[in-house]
Amino acid sequence: MPSSPLTSVVIVTWQGRSRLTECLDAVADQDRPHNTVVVDNGSTDGTSAVLARHPSAPRVLRLRANTGYAGGLSAALRLVDTPLVAWLNDDARPHRRWLAELEDALLADPTAAAASACLRLEDGSVQSLGVRLTADGHGADIAADPAGRSGAEPFEVFAFCGGAALLRVAALRSAGGVPGEFFCYYEDTDTAWRLRLAGWRVLAVPAAGVRHLHAASTGLGSARFHLWNERNRLLTLVRCAPAPVAARQWWRFACLTLVLPLRKLRVPSPVPGTANFRVRLRSRALAGAVIRLPAAIRARIRAGDRPRRAALWARWAGR
């Protein structure tokens, strides 16, 4: 066991007074040395008092405004002075060996730049072991090893779930860091894309267990959830995917948005209200993506490696 920390655990919070204590308790109980950094996104609910009195005495970065999960991670990266960095939601409670399992997996595989934990919901069901790439470019949680293996050994996935993951700091910085402008959602899929474009692999680590209260801050199925999801998927495609794929998906998104009022489309969804099929929300998502399009194109140019984009898409899309 290393005597000095290899990892800085970064927790981003906003109005997290009711969630933070359990999260910090679980992080403090890890059986590997680590640094803890909490980014407080301008909370006004007494979060600062919770942080001040917690016995683990985490380093706190207080931001004046809410920059979202992605913005908080991006701000914290400047403070990290360890070779590894863990991303952790403030509504997550990692098991005692969570960090040890993730560190061991990365240290054992020099070709991997990121490792995804096993996130379980409060009922014990698996929420995510990592992220797969769908045929239309979505990043979707996977709840089981696609190869059907049921053991605890790490296996490769396309991307990690940003709610509880471990990354190599040098690789992350070299790939362009965290897309702070995303605010929330797809910062993990976009980051994994760019790490893979740089030649790195991503692992799922089933033994690294975490209990997770999903979307505690933004509300699963809420309008904000879908707005950021849809906008950031479009931006990720521009930044990372093969150009024909990105163009096709933007075109489809715009066309469906235009025809919805004409067809009075009713789309079944497991999420009440089907907010992502509301014309106004989709229009806002598309407008937000268009405004950010020049920056996304610049990020694409910096990432380079056109042949690797096509190869990654051919290997992973639709699996």
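**Close-up 1. The lining of the largest cavity, by class.** Sorted by class, the residues lining the largest cavity come out as nine nonpolar, no polar and no charged. Keep in mind throughout that this is a predicted model. Here are the residues to look for: Val-10, Leu-73, Ala-76, Leu-77, Val-80, Val-85, Trp-87, Leu-172 and Val-178.

**Close-up 2. Where the lining comes from.** Two elements, α3 (68-77) and β4 (84-89), each give two or more residues to the lining of the largest cavity. Which element provides the largest share? That's α3, with three residues.

**Close-up 3. The space itself.** Rolling a probe the size of a water molecule over the atoms shows where empty space is left. In this structure there is one cavity of 30 Å³ or more. As for volume, the largest cavity comes in at about 30 Å³.

**Close-up 4. The buried side of helix α11.** Now for a helix, α11, which spans residues 306-316. Its buried residues are Arg-309, Leu-312, Trp-313 and Trp-316. Why do they sit on the same side of α11? Because the arc they cover around the axis is only 100 degrees.

**Close-up 5. The other face of α11, and what follows.** Turn to the face of α11 that points away from its buried side, and you'll find the exposed residues Pro-307 and Ala-314. After α11 comes Gly-318, with a positive phi near 85 degrees.

Notes: Residues numbered from 1 in each chain as written. Predicted model: local features only at pLDDT ≥ 70, side-chain atom pairs only at ≥ 80, totals over all residues. Heavy atoms only, no water. 1 Å grid on protein atoms, 1.4 Å probe; cavity = no way out; pocket = protein on both sides within 12 Å on 5 of 7 lines; lining within 4 Å. Points joined across faces, edges and corners; volume = space filled by probe spheres on them. Helix = DSSP H or I, 4+ residues; strand = E, 2+ residues; numbered from the N terminus. Nonpolar A, V, L, I, M, F, W, Y, C, P; charged D, E, K, R; others polar. Buried < 20%, exposed > 50% of the residue type's maximum accessible area, 1.4 Å probe, protein only. Arc of directions from axis to C-beta.
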